[in-house]
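Reader: I've got a model open and would like to talk through how it is put together. Can you walk me through it?

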Amino acid sequence: MKKIIRTLISSFGNNDSTNFEKTFTYLEEVGKILPQSKICFDLLKKLNFQTTDSESDSLITALHKTQYPSNPTDHFYFFFPIVSHILYYKPLYEKEILKYLIGPNFANGTSEVEEMIDVINGAMKYKLNENQNYLSKESQDWITNELPKLKNEVQREIDICWKELED
């Protein structure tokens, strides 16, 4: 199953639809195997600044239910486009979903705030160099302009990771 999902993810961005479609087509494809991914895709497609709290809550619930069995790096790269896109439109959800970006990088040895932000920024550049459609324009804007302002929030997530490691 992991091999099928990796194949689907590696193919995203290879169609001629909108930037959103090119970025998130993998979610729709993975949804054939993991139904929550399709639900997440459908809700993400409707996301904008006017999305209601109820609709946003449904998206976050679907995101939490999307189980992507993998190593920390692949887990990060699966959720990176989704989480950054959501946080562009709905920054108030950072407390609930920033962990999808911080946790996997912490597991890979990143435990300082500035380093974490640099790793995420570097991941953006690396993946966009591979595939210009890896992240939506909104995701790129959030990573470049908003993530650096979230030092306290990143530290909170790192602290949670340390606490979980100690337990």
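This is a predicted model: local features need pLDDT of at least 70, side-chain atom pairs count only at pLDDT 80 or more; totals for chains, interfaces and linings use all residues.

Reader: How many helices and strands does the chain have?

Author: Helices here are DSSP runs of H or I, at least four residues, and strands are runs of E, at least two, numbered from the N terminus. On that count the chain comes to 10 helices and 0 strands.

Reader: Are α4 and α5 roughly parallel or antiparallel to each other?

Author: The axes of α4 (residues 53–65) and α5, lines fitted to C-alpha atoms over the stretch in contact, come within 12 Å. They cross at roughly 160 degrees, on a scale from 0 to 180 degrees between N-to-C directions. Angles over 145 count as roughly antiparallel, so α4 and α5 are roughly antiparallel.

Reader: Which residues of α5 make the contact with α4?

Author: Contact means heavy atoms within 4.5 Å. From α4 come Leu59, Ile60 and Leu63. Facing them from α5 are Phe79, Ile82, Val83 and Ile86.

Reader: Which helices do the buried residues of α9 pack against?

Author: In α9 (residues 137–146), Ser139, Gln140, Trp142 and Ile143 are buried. Seen down the axis, the buried residues fall within an arc of 160 degrees, so they line one face of the helix; the arc is that of the directions from the axis to the C-beta atoms. They pack against α5 (72–89), α7 (99–107) and α8 (113–130).

Key: Residues are numbered from 1 along each chain as its sequence is written. Side-chain values use heavy atoms; hydrogens and water are left out. Buried means under 20% relative accessible area, exposed over 50%, partly exposed in between (1.4 Å probe, protein chains only). Angles under 35 degrees count as roughly parallel, over 145 as roughly antiparallel, 65 to 115 as roughly perpendicular and the rest as oblique.
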